[in-house]
Amino acid sequence: MSLTAKYIFVTGGVTSSLGKGIIAASLAQLLQARGFKVTIQKFDPYLNIDPGTLNPYEHGECYVTDDGAETDLDLGHYERFLNIRTSQANNVTTGRIYNNVITKERKGEYLGKTVQVIPHITDEIKRNLFMLGETGEYDFVITEIGGCVGDIESLPFIEAVRQVKWDLPPHNVIVIHLTLIPYLKAAKELKTKPTQHSVKDLLEAGVQPDILVCRTEMPLPHDIRKKLALFCNVHINSVIEAMDAETIYDVPILMRKEKLDERVLAKLKVPAKEEPMLDDWKNFLGKLKNPVNEVTIGLVGKYVSLPDAYKSIAEAFVHAGAENDCKVNVRWISSEDVNPEVVDSMLNNLDGVLVAPGFGERGLEGKIQTIRYVRENKIPFFGICLGMQCAVVEFARNVLGLEASSTELNPKTANPVIDMMEEQKKVVNKGGTMRLGSYDCKLKKGSKAFAAYGETTIHERHRHRYEFNNKYLEQIEHAGLKAVGTNPGTNLVEVVELKDHPWFVGVQYHPELKSTVLNPHPLFVKFVEAALERKKVRV
């Protein structure tokens, strides 16, 4: 194992959804702003090999990395905050750990030993823990442990953390525990007891937290900090207040005020290289909070009752809005609610419409109806993955007059303008078998996509089984829907645009996955720009 990297673990207690990922990403951003090289990994305690087969209602968005890993949506936060690329090594599940151990056992690699949680499962967890640190590329490796301390599922990970604290020399490992300090309105009191019990659970597992980060609705007075320090065995300076923030992008600044990064460096005996350079971050926040303009964009999808299912798209609008000095109000529209009777009242007053990715036939006709309306009424349109495929189906039906569909919607369609890729037809297993990860795309000069990117060859991430059917390419292009981006190796269509329309772009890939605070995605920036133009015309 590498002794050059320092290891920081972030655990959570009392309740889930406290924001371990945001705290981890904020700390990483502060360390990065000081000139250190940082990466973050997420260890999830569920038994799925990866989140690729999970329903978005169950787990939110499935985030895809350049190397084709289907991962937890927290990796999206890591990339957006740090402007770095993550990989398969940054997200590990219990399922993958057990799968690796059982595979080794079947191959006889344990030489007849009885395979047990300790040491075999914990050793495999530690092997994955140290993987990024051993590359020599990072000063700090931050590891977020999913779930809550005290959960049965998390125990092997907490045990691995305990062992790591003994495996490495002093001042090479720290544990940050994120917890909740609830406020009881009736008693008008902040209560520390849940945190005390959470830390007690950690101590029973042999892990003493070094820093407490306390989520709270009210400021933490000195006497509460003092009580937490006394009962949880931490220094009072290591009790960090994490107040509810207006936006997740405020959290690095709030953590800086609370000196979280200074406490971490002091605990790890690392001299501070320099004060954190946060000018670019503050400039972004300034634009985000003081917009000059405002637009309303409809996001049409089938998982809109859980916005986390489209987390990266929502955040890409935040980045693109700030870039345009504009607040983007996203109106969440269920594609199942769209039909010819209501489509005008639902979409007419919007400045732009994004038709979201997804799988399956539910809500597909609503997406097609949406696209017909925005095409005919010249409303800026952005289609992503399934949204692009629906645009092709809609055009083939209503402009070419074909009885067209996607074989995902209708396997027996007379004109499968969207069809399953040949290699996908042989696939039996669902997990990790789609077209995944980063692929090249060659753009045609003169297209809106080329104008946005400013280059002819781009690299974007994919997650799909169905593709534009090139048998219909000539016919569709002749009628006005142009293929302006193709994969140079397979000639598969990646980007379509409609001529004689203010902004009508459909992409087979997922541009939202590469949008970051410091590098807003160019297609989102141009889409918001087009929405602004429409608003000016309407006013």
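1. Largest pocket. In this predicted model, the largest pocket holds about 900 Å³ of space. Its lining is made up of 35 residues, and those closest to the pocket centre are S17, L18, G19, K20 and D74. Two or more lining residues come from each of helix 1 (20–33), strand 2 (38–44), helix 2 (56–59), helix 3 (74–82), strand 11 and helix 9 (251–257). Helix 1 is the biggest contributor, giving four residues.

2. Sorted by class, the residues around the largest pocket are 14 nonpolar, ten polar and eleven charged.

3. How many cavities of 30 Å³ or more does a search of the whole structure find? The search returns one. The volume of the largest cavity is about 60 Å³. Its lining consists of G358, F359, C385, L386, Q389, E408, R463, H464, R465 and Y466. Helix 15 (386–398) and strand 19 (457–464) each provide at least two of the lining residues. By class, the cavity lining has four nonpolar, three polar and three charged residues.

4. Overall fold. The protein chain contains 18 helices and 23 strands. Its radius of gyration is 25 Å, close to the 24 Å that the globule rule gives for 539 residues, so the chain is as compact as a globular protein of that length. Along the principal axes, the C-alpha atoms fill a box of roughly 75 × 60 × 45 Å.

5. Burial and contacts. Of the 539 residues, 58% count as buried. The accessible surface of the protein chain is about 22600 Å², and carbon and sulfur atoms account for 50% of that area. Taking contacts between residues at least 6 apart in sequence, 73% link residues at least 24 apart.

6. S238. This residue sits in the loop between helix 8 (222–232) and strand 11 (239–243). Is S238 buried or exposed? Its relative accessibility is 0%, so S238 counts as buried, the cut-off being under 20%. Leaving aside residues up to four places away in sequence, S238 touches D210, I211, L212, R263 and K267.

7. Cis peptide. Which residues are joined by a cis peptide bond? The bond lies between I118 and P119, with omega about 15°. P119 belongs to helix 5, which covers residues 117–131.

8. Positive phi at H171. The phi angle of H171 is near 70°, a positive value in a residue other than glycine. H171 lies in the loop between helix 6 (155–167) and strand 7 (173–180). With a relative accessible area of 39%, H171 is partly exposed, because this value falls between the 20% and 50% limits.

9. Positive phi at K269. K269 is a residue other than glycine with a positive phi, here near 55°. Its place is the loop between helix 10 (260–267) and helix 11 (279–289). The relative accessibility of K269 is 57%, which is over 50%, so K269 counts as exposed.

Notes:
Residues numbered from 1 in each chain as written. Predicted model: local features only at pLDDT ≥ 70, side-chain atom pairs only at ≥ 80, totals over all residues. Heavy atoms only, no water. 1 Å grid on protein atoms, 1.4 Å probe; cavity = no way out; pocket = protein on both sides within 12 Å on 5 of 7 lines; lining within 4 Å. Points joined across faces, edges and corners; volume = space filled by probe spheres on them. Nonpolar A, V, L, I, M, F, W, Y, C, P; charged D, E, K, R; others polar. Rg over C-alpha atoms; globule rule 2.2 N^0.38 Å. Buried < 20%, exposed > 50% of the residue type's maximum accessible area, 1.4 Å probe, protein only. Contact = heavy atoms within 4.5 Å. Areas by Shrake-Rupley, 256 points an atom, 1.4 Å probe, with all protein chains shown as cover.
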